[in-house]
Amino acid sequence: MRRAHLALLIGVLALAACGGETPSSDADTPPPTTAQATVTGVVTDSAGLPVSDALVQPRSLDTPPHPVPELAVLSDQQGRYTWHLTPGRYEFTATKDNRTGPPVEAAAEAGRTDELDLRLP
Amino acid sequence: MNIQRSSRRVGLALASALLATIGLVSTASAGTPKGVELGSSDTESVVTAARTSGLRGVSGYEGTGVPTDVTAYGAQRVPAGHKIQGYSSPTGDDFGVQSIIGADNRVRVNPTTSFPARATVLITRTVSGVERLHCTGWMFGASLVLTAGHCVYNQSTGWYTGQLKFYPGANGTSYPYGSCTAATLRSNTGWTTDGNPDADYGGASLNCSIGNTTGWYGAYWTTASLNGTSTTIQGYPGDKAQQQWTHTDQVRVSGSLRLYYANDTVGGNSGSSVHTVRATGSSGCSGRCSLAFHAYGVGSNGYNSGPRITESRFNLVVGWR
């Protein structure tokens with residue numbers, strides 16, 4: 001009888017642990033496990049001065065394109081922004097006060113950090 | 001004798017749990033290559049849902065309106081003019097954002113003290129002492145905000161613990177419901193371990209019960225196609241200086257784990273409720289009923305998208321309440 005109970009318990013646990021979408025929270029603090037690409041850089045104006053609070057947006061250039069998370073990524077006081085993305089080719093633009101700079105391309109690789117500065121007109 | 005009876009009961013309970021779990025696997029794994037989605041703290045509701053077929057949900061609650069004192073709900077007062085870094089541009093298509101599909105058809109929501117505007121939540125993130133617009137969320141209980149998984153957990157850096165603030169019904173530089181912080185950030189292993197965009201949803205249990213006055217959205221799941229169902233996305237796009245904007249379209253492609261639509265959105269809209277309006281008395285959910293969590297700009301099929309609320313996801317987030 002005890003063996004039967006044990007077998008049932010193991011069965012339940014095995015099924016519950018077979019992957020998928022079990023809840024997680026910051027109380028669990030699992031380490032990040034997926035290899036993303038990082039693109040970071042500084043947004044500057046035509047005088048070369050850093051621009052804060054510019055909205056920096058990537059666009060996937062791959063076919064098919066990678067959908068891009070719709071986070072608001074704004075440059076900080078030093079003009080610096082950072083995006084973590086699925087590896088691939090992207091085009092980045094910075095926008096502020098109705099000014100949009102020219103798009104700049106980056107080939108983002110998993111586990112690597114690429115520097116990509118952006119310019120506002 | 002007592003031992004035998006007790007042993008029989010334990011056996012019965014285990015067998016029931018096993019059968020329920022098997023039932024859930026067969027229900028939830030249809031069209032779900034990543035496997036079963038189980039909630040740990042909501043086992044009973046999962047089993048109940050597994051017995052139901054087709055559609056199940058909960059209606060929203062419209063709340064009581066503007067409180068005389070937000071601190072009565074555990075929220076912090078936020079003075080008008082409180083500075084959150086962001087900016088405003090007149091139209092999103094001025095800067096060629098892909099997720100503005102065609103012309104920019106977004107409309108500003110002003111004031112934000114009616115429902116569901118007051119249950120729509122501006123999420124900010126503070127880094128190096130500077131608070132900036134980050135995402136959107138939606139109330140789904142007195143103390144629960146739901147949003148995209150990537151708004152609470154970054155695949156490279158981990159949880160945004162201690163960095164996020166939640167402002168229900170924020171309106172430019174006015175914050176009629178104050179702000180709350182998170183007691184617990186929540187997501188699921190499909191996102192935090194696998195990084196699967198189809199599982200990119202999460203939430204935050206707040207240190208306040210402001211939902212009692214803002215109200216909260218309803219939600220439902222269905223196994224049927226949702227093609228043609230109207231979709232409204234209401235939230236805080238990054239080009240609109242903490243103002244709330246909305247646009248209505250419809251489900252264009254109905255995947256088993258993801259919905260695709262042509263609502264106009266911009267970075268900052270992540271985590272918005274993708275909802276439809278259902279008539280009073282509709283089964284499962286009536287009023288403002290969420291179908292998905294907005295998460296991504298234009299993908300391979302030319303539409304914006306977000307993880308669909310499925311049966312197991314519904315059970316999981318209800319368990320967070």
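**Exercise 1.** Which residue is the bridge partner of A:Thr40 in β8(A)? Work out how β2(A) is joined to β8(A) along the way.

*Solution.* Keep in mind that this is a predicted model.
- Step 1: find the two strands. β8 of chain A covers residues 113-115, and it runs parallel to β2(A), with three bridges joining them.
- Step 2: pick out the pair. A:Thr40 has A:Glu115 as its bridge partner in β8(A).

**Exercise 2.** Take β2(A) again and track down its pairing with β4(A) and with β9(A).

*Solution.*
- Step 1: start with β4. Residues 37-44 of chain A form β2, residues 80-85 form β4, and the two pair in the antiparallel sense over six bridges. One residue to look at here is A:Ala37, which sits opposite A:Leu85 in β4(A).
- Step 2: move on to β9. This strand spans residues 118-119 of chain A and runs parallel to β2(A), joined by two bridges. Here A:Thr44 faces A:Arg119 in β9(A).

**Exercise 3.** Sum up chain B, then decide which stretch to handle with care, going by pLDDT.

*Solution.*
- Step 1: count elements. Chain B has five helices and 17 strands.
- Step 2: check burial and contacts. Of its 321 residues, 57% count as buried. Among contacts in chain B with a separation of 6 or more, 72% are between residues 24 or more positions apart.
- Step 3: check confidence. Mean pLDDT for chain B is 83, with 80% of its residues at 70 or more. The stretch to flag is residues 1-52 of chain B, where pLDDT stays under 50; the model has 75 contacts beyond four places in sequence for it.
- Step 4: look at the complex scores. The predictor gives an ipTM of 0.78 and a pTM of 0.82.

Methods. Residues numbered from 1 in each chain as written. Chains lettered and ligands numbered in written order. Predicted model: local features only at pLDDT ≥ 70, side-chain atom pairs only at ≥ 80, totals over all residues. Pairing = 2+ DSSP bridges. Helix = DSSP H or I, 4+ residues; strand = E, 2+ residues; numbered from the N terminus. Buried ≥ 20, exposed ≤ 12 C-beta atoms within 10 Å, placed from the backbone. Contact = placed C-beta atoms within 7 Å. pLDDT = per-residue confidence, 0-100.
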